[in-house]
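The sequence and the structure are shown first.

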Amino acid sequence: MKIRPLYDRIVVKRMEQSEELQGGLFIPDSAKEKPQEGEVMAVGKGKRLKDGKLVLLDVKAGDRILFGKYSGNEIKVDGEELLIMREDDVLGVIGGRSTKVKT
């Protein structure tokens, strides 16, 4: 099943953190914090302003993003855990276009 978010919402898949042990201690899954980094799976058409204009989103499918700890709503689609959040909840895009500075 595919999911298409509406308006300025995006669908995000959390990035899994590596299983590194700190100081030889094992941390159970229930005590681990969920990652605040994810990959954008799908984006809506954009935000509709009061005057009727449509503002396109800055993020696009495939972008790696950072978001707040309590951002979005968790959903499960085809057994996969995803988040639906507004673009306003995105703190930043990781990577992106590289620009060369001319000297």
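**Overall fold**

The model is predicted. The chain holds zero helices and eight strands, and from the N terminus on its elements run β-β-β-β-β-β-β-β. Of the 103 residues of the chain, 25% count as buried. The accessible surface of the chain comes to about 8400 Å², and carbon and sulfur atoms account for 52% of that surface. Among the contacts in the chain with a separation of 6 or more, 66% are between residues 24 or more positions apart.

**The sheet**

Strands of a sheet pair through backbone hydrogen bonds, either parallel or antiparallel. Here, an open sheet of six strands has the order β6-β7-β1-β2-β5-β8 and antiparallel pairing. Its edge strands are β6 and β8 (90–94), each of which pairs on one side only. On average, and with direction ignored, neighbouring strands of this sheet are turned by 45 degrees against each other.

Strand β1 (residues 9–14) has described pairings with both β2 and β7. Five bridges join β1 to strand β2 (residues 37–43), and the two run antiparallel. The pairing of β1 with β7 is also antiparallel and extends over four bridges. Val12 illustrates both pairings: its bridge partner in β2 is Val40, while in β7 Val12 stands opposite Leu83.

Strands β6 and β7 run antiparallel and are joined by five bridges. They form a hairpin with two residues between them. In the turn, Asp78 has a positive phi of about 50 degrees. Val77 has Glu80 as its bridge partner in β7.

**Charged pairs**

Side chains of opposite charge can pair when their charged atoms come close. The count for this model comes to six salt bridges.

| Lys13 | Glu80 | 3.1 Å |

Glu80 forms a salt bridge with Lys13. Glu80 lies in strand β7 (residues 80–86) and Lys13 in strand β1, so the pair ties together parts that are 67 residues apart in sequence. Glu80 is partly exposed, with a relative accessible area of 30%, and Lys13 is partly exposed as well, at 34%.

Arg64 counts as partly exposed at 36% relative accessibility, and Glu37 is partly exposed with a relative accessible area of 22%.

Asp63 counts as buried at 12% relative accessibility, because the limit for buried is under 20%.

**Ser71, a buried loop residue**

Ser71 is placed in the loop between β5 (64–67) and β6 (73–77). Is Ser71 buried or exposed? Its relative accessible area is 12%, so Ser71 is buried. A polar atom of the Ser71 side chain lies 3.2 Å from the backbone nitrogen of Gly68. With neighbours within four places in sequence left aside, Ser71 is in contact with Leu83, Met85 and Asp89.

Val90 is buried, with a relative accessible area of 17%. Which residues is Val90 in contact with, leaving aside its neighbours within four places in sequence? They are Ile10, Val59, Ile65, Leu66 and Met85. In the case of Ile65, which is 25 residues from Val90 along the chain, the C-alpha atoms of the two residues are separated by 6.8 Å. Met85 is in contact with Val90 and also with Ser71.

Definitions and conventions
Residues are numbered from 1 along each chain as its sequence is written. This is a predicted model: local features need pLDDT of at least 70, side-chain atom pairs count only at pLDDT 80 or more; totals for chains, interfaces and linings use all residues. Side-chain values use heavy atoms; hydrogens and water are left out. Buried means under 20% relative accessible area, exposed over 50%, partly exposed in between (1.4 Å probe, protein chains only). A polar contact is a pair of N or O atoms within 3.5 Å; within protein, one must be able to donate a hydrogen and the other to accept it, and residues adjacent in sequence count only if both atoms are side-chain atoms. Contact means heavy atoms within 4.5 Å. Two strands pair if DSSP finds at least two bridges between them. Axes are lines fitted to C-alpha atoms, for helices over the stretch in contact, and angles run from 0 to 180 degrees between N-to-C directions. A salt bridge is a side-chain nitrogen of Lys or Arg within 4 Å of a carboxyl oxygen of Asp or Glu. Accessible areas come from the Shrake-Rupley method with a 1.4 Å probe; for residues, only the protein chains shown count as cover.
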